Every structure is written in C-alpha cells, then in structure tokens.
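Bring your questions, and we will take them one at a time.

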Amino acid sequence: MLRQKHGGLYLKTLVGIDDIAVYVPRLYLELANEEHPEKPTEFSQARQSEPAKYLHGIGIAKMSIPDTYQDSSVLAANAIFELIERNYVSPSNVARIDIATETGVDESKPVAAYVHGMLEQKFGKGAFKKTSGVEYKFACVSTADALESSLDWAWAGRSNGKVSVVCAVDIAKYPLNSPGEPTQGAGAVAFLVKENPRLLAFDSVIGTYMEDEDDFWRPLFSTTAVVHGKHSEKCYLKAMEGAVDNWAEQATTSGLIKTRPGESLIDHLGPMSFHVPYPKMAEKGFAYLLRHFWRGLPRWNEIVKQIGTEPKAAGAGIKKIDEIEKAESDYMKRFMETSKFQSEYKDKIADGLTHARESGNAYSASEKMCLSMLLETKAKKGADLAGKRGGSGNYGSGSKAKASSWVLQEEWNTVAKTFGHAEKLKRRRQITLADYEALHEGRSLPDGRKFVAEPENEFVLIDVTPQGYRHYKFAD
Ligand code: HMG
C-alpha cells in the first residue's frame with residue numbers, strides 16, 4: 001500500500017476506487033467508418049452530412065444504442081452485478097449502492113431501488129436489506145457528487161470495513177435530425193469505493209465551480225434533451241477552468257502540491273480523465289486548461305514565438321464578438337497543433353477518449369468510462385504509473401464542474417488489465433438506420449421483431465404496467 005502525502009501529513013485512511021466495471025449496450029450505429037473515413041455511412045447520407053465531420057470534427061465514430069429491453073435501471077444493474085461478482089463482495093458487506101443518472105425511470109422511485117430488486121433476484125431476497133441507496137441528479141456531474149459522498153463517509157470513519165458501490169448510468173438522447181443527434185450514446189459504469197483501494201486513492205482536495213446556466217436541460221415532458229450546443233461548449237470550458245482553479249488553490253494552500261519556478265500545477269498530474277460529450281470537447285477542454293496554466297511560464301514564450309499572441313491579448317483590430325470568437329477558435333486550433341500540446345495530450349489524455357469515439361456520450365457515466373478506458377489502455381501498454389498522481393474533471397450542464405485528484409496504487413495495473421472494457425466495445429453489433437430510428441422513437445421494430453439482439457446473461461426489462469411500474473428479470 002502506498003502512503004499518500006497531503007498537506008505535509010499522511011492521510012490516515014486511504015479511500016478510493018478498488019475496481020471498475022462497465023456495461024455498454026451491445027448495439028451500435030455507425031456514424032463514420034474509421035478505416036475509410038471518406039466513405040459515406042447510412043447515417044451520414046440520411047443526415048446529408050459528411051462522415052469526416054463526425055470522425056474528425058467531433059471525434060465520434062459509433063454510438064451505443066440500447067435494445068428494446070434496456071433502460072437505465074438494467075444498464076446499471078448489469079454493471080453493478082459484474083462488479084460485485086468479480087470481486088466476490090458479500091452483499092452484507094455493501095453499505096450503499098448509489099446511482100448517478102439524469103435519465104432515471106420514475107419521478108419518485110429511484111433507479112437504486114429497482115437495482116436493489118434486481119440484485120436480490122440473484123443474491124436472494126433480503127440480501128441487501130441493510131444496504132442503502134439513492135439517486136443523484138445534476139446532469140453529467142452527479143457522478144462526482146455521488147463519489148464525494150462515499151469518500152466523505154469513509155474518510156469520516158463510518159464505513160467500518162464495508163464498501164460502497166457508486167454507479168453512473170445514462171442514455172443520452174437528442175431529437176432525430178438535430179445537431180445533438182451524433183453525440184448520443186449509452187452505458188453504465190460501476191465502481192467499488194473502499195479503504196485501502198487497489199486502483200487509486202483520492203486526495204481530500206476537490207474543486208467546484210457552479211452557476212445557473214441554460215446550456216442544456218430536459219423538461220419533465222420530454223425524453224430528449226434541449227441544448228444550446230455552441231453555448232454549452234463555452235459553459236463546459238468556463239466551469240472546468242473554474243473547478244480546476246478551485247482545486248489548484250486548495251492543492252497549493254494545503255501543501256498537497258508544491259511547484260518550483262517555471263513549473264505548472266498540471267505538470268504534477270499524469271493521466272487525466274474528463275467528461276467527454278464527444279472527444280473533441282475534452283481535447284479542447286484540456287488545451288484550454290494548459291493555456292490557462294502555462295501562461296506566464298517560460299514555455300509560454302516559446303508557444304507565442306510559434307503561433308503568436310492570444311487573440312484576447314492582441315486586442316486591437318478585433319471588434320465584433322463573432323470576430324473575437326473566430327480568432328479564438330483559430331488560435332485554439334493552432335495551439336492544439338503545437339508539439340508541446342500534442343505530447344501532453346498523447347501522454348495524459350488521448351487513451352481515455354477512445355471510449356467516447358467508439359460509443360458516444362453517456363452523460364453521467366462519461367468521465368468514469370474515460371477513466372476506465374484510460375487506465376486499461378495504459379496498463380496494457382505496460383505504463384509504470386504506481387504512485388503517480390492523476391486528475392479527473394467532471395462537467396454537468398446547468399451547470400457545475402468538479403475537479404479531483406488521486407494517486408495510482410501499487411496494484412493498479414493488475415486491476416485495470418481485467419476491466420474488459422475494450423473487449424466489450426468489440427463485441428457489439430452494428431444496427432441499421434431503420435432499427436436505430438425505431439428504437440429511438442420507441443416504435444415497433446421493422447418485421448415485427450421484439451428486440452434486435454437476444455439478451456445474454458443480463459438483466460432485462462420485461463414490462464411496464466399501465467400504472468408505470470417496471471418489472472425486470474435476469475435472462476440466462
Ligand atoms: P454542429 O452545429 O453540428 O457542429 O454542432 P459544427 O458544424 O460546428 O461542426 C462541429 C465541428 O466539426 C467544427 O469544428 C467543424 O469545423 C467540424 P470546430 O470549429 O468546433 O473545431 N467539421 C468538420 N471537420 C472535419 N471534416 C468535416 C467537417 N465539417 C465540420 N467535413 C455540437 C456540434 C457539438 C454543438 C452538437 O453536436 C451539439 O449540440 N451536441 C450536444 C451538446 C454537447 O455535447 N455539448 C458539449 C458541452 S455540454 C456537456 O458536455 C454536457 C452534456 O454532456 C449534458 C450533461 O451535462 O448532461 C451535453
């Protein structure tokens with residue numbers, strides 16, 4: 001076990017993530033063919049767009065799509081079941097199973113309660129009767145809040161050797177033919193939070209930034225989200241910068257991180273995971289943070305020599321908002337092409353973005369999907385990261401961002417190699433546009449089929465009563 005320094009003291013109780021299990025629906029819609037990016041897809045033709053826009057403009061090639069028997073409850077239950085089974089966790093040792101979601105299935109009954117019922121079908125009636133559970137909601141960021149609550153519970157000494165499970169799950173849905181449509185997706189990610197974790201232990205420094213924003217919301221009457229796309233991108237950048245600044249302030253004043261002259265706080269972080277509505281957004285978010293933390297350092301002078309001064313600083317000659325925005329966007333592109341940015345990006349971020357490229361957005365599950373993919377890929381590459389500090393940035397529209405840091409533990413690579421994340425993405429099957437549109441609109445599938453793919457050893461939704469009550473079972 002690694003001892004973790006914090007504020008000149010060693011934390012008495014290391015708390016963090018011991019293992020991660022992901023569940024991705026086994027269907028996907030192809031937006032762009034990665035081997036032949038120029039080749040039109042059924043989707044790009046129907047939307048009169050270019051596959052290159054999806055692949056290179058936003059960075060998504062495929063979107064995971066749930067089948068007829070899947071809702072947020074079954075996606076969550078499948079991820080949690082795998083996590084509990086793989087780790088031989090006894091139900092009586094699970095103090096809480098909390099769910100972060102913005103696509104819950106009921107206005108009153110939480111996904112956590114339906115999941116409880118499903119798990120008891122496998123582990124026996126009453127097996128989890130002493131396990132608590134609740135649903136957290138704040139767009140995509142609620143995962144960070146759910147996790148923080150479990151960390152606080154364990155740091156406060158209330159876990160008494162028990163574990164907590166946090167699961168983030170969502171089905172990201174925008175209207176057909178809308179600009180948001182290519183940024184959909186679905187999935188669940190469950191993680192085991194405990195003392196002396198094998199994977200990573202959190203620093204007790206968490207940054208927050210929040211304000212009331214109208215970038216994205218989903219009214220009670222709608223199954224699809226309303227979004228001001230371009231505005232939402234600005235809100236993401238602003239909130240993420242605010243949260244990281246708040247984290248940095250605490251990390252500095254507590255003595256968690258001490259920078260030497262010429263260094264940036266970000267230099268002290270290795271691998272990083274972000275909320276990934278689409279990979280280009282997270283890449284831009286990282287570039288925005290580097291610009292923020294590198295300004296004023298000697299290395300920034302080299303950047304200025306290569307690509308010029310930032311547009312805001314240039315000032316003169318730029319008067320209209322759209323001119324400023326165009327200048328800023330052009331500058332960002334130039335910065336993202338510099339070798340300094342590229343080497344940081346490839347080293348710290350890029351591996352985690354594969355999940356969103358292959359699966360799309362999964363709202364609250366997105367950042368931990370990114371973390372799981374990042375650590376699994378680094379472990380398979382044989383990266384030597386034990387004892388290394390990393391960071392996570394969560395964003396939720398509406399809006400709030402959270403920034404946290406953690407330290408990889410000695411067994412991190414053994415654990416990360418067994419996530420099976422990349423394998424699950426490979427095992428999916430491609431669906432037609434007609435099937436996708438029917439699933440999206442809740443219409444009957446072509447040819448009267450009941451589902452697209454037969455369920456395989458997983459929880460399924462079997463019916464919803466006229467009063468809206470849901471019944472689930474495990475399909476062997
Ligand atoms: P759009 O209008 O389709 O995009 O909306 P565009 O026309 O501006 O194109 C996008 C990019 O593709 C541009 O690059 C184009 O140049 C490029 P940029 O200027 O941005 O760098 N492009 C091409 N590149 C290569 N070859 C081509 C080509 N054509 C164009 N042929 C938008 C895009 C993302 C806004 C839209 O899909 C959307 O509204 N998505 C949903 C909102 C969203 O994801 N926002 C992200 C931040 S908010 C967030 O993360 C929270 C969220 O997850 C919800 C929650 O918290 O619960 C959404």
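## Reading the rings

Q: Is Phe 128 buried or exposed?
A: Phe 128 counts as buried, with a relative accessibility of 0%. Keep in mind that this is a predicted model.

Q: How do I read the way Phe 123 and Phe 128 face each other?
A: Look at the angle between the ring planes: over 60 degrees counts as edge-to-face. The planes of Phe 123 and Phe 128 are at 85°, with the centres 5.6 Å apart, so this pair is edge-to-face. Phe 123 is partly exposed, its relative accessible area being 26%.

Q: How many aromatic pairs does a search of the whole structure find?
A: The search finds 20 aromatic pairs. One of them joins Tyr 174 and Phe 216, edge-to-face, with 75° between the planes and 6.1 Å from centre to centre.

Q: Which parts does the pair of Tyr 174 and Phe 216 tie together?
A: Tyr 174 lies in the loop between β8 (163-172) and β9 (185-195), while Phe 216 belongs to strand β11 (residues 216-217), so the pair ties together parts 42 residues apart in sequence. Tyr 174 and Phe 216 are both buried.

Q: Which residues do ring pairs link into a cluster?
A: The cluster consists of Phe 274, Phe 286, Trp 294, Trp 300, Phe 335, Phe 341 and Tyr 345.

Q: Where does the charged end of Lys 62 sit?
A: For a charge over a ring, check the distance to the ring centre, which must be within 6 Å. The charged end of Lys 62 sits over the ring of Tyr 28, 5.2 Å from its centre. Likewise, Lys 122 lies over the face of Phe 474, 3.9 Å from the ring centre.

Terms used
Residues numbered from 1 in each chain as written. Predicted model: local features only at pLDDT ≥ 70, side-chain atom pairs only at ≥ 80, totals over all residues. Heavy atoms only, no water. Phe/Tyr/Trp six-rings, centres within 6.5 Å; stacked < 30°, edge-to-face > 60°. Buried < 20%, exposed > 50% of the residue type's maximum accessible area, 1.4 Å probe, protein only. Helix = DSSP H or I, 4+ residues; strand = E, 2+ residues; numbered from the N terminus. Lys NZ or Arg CZ within 6 Å of the ring centre and 35° of its normal.
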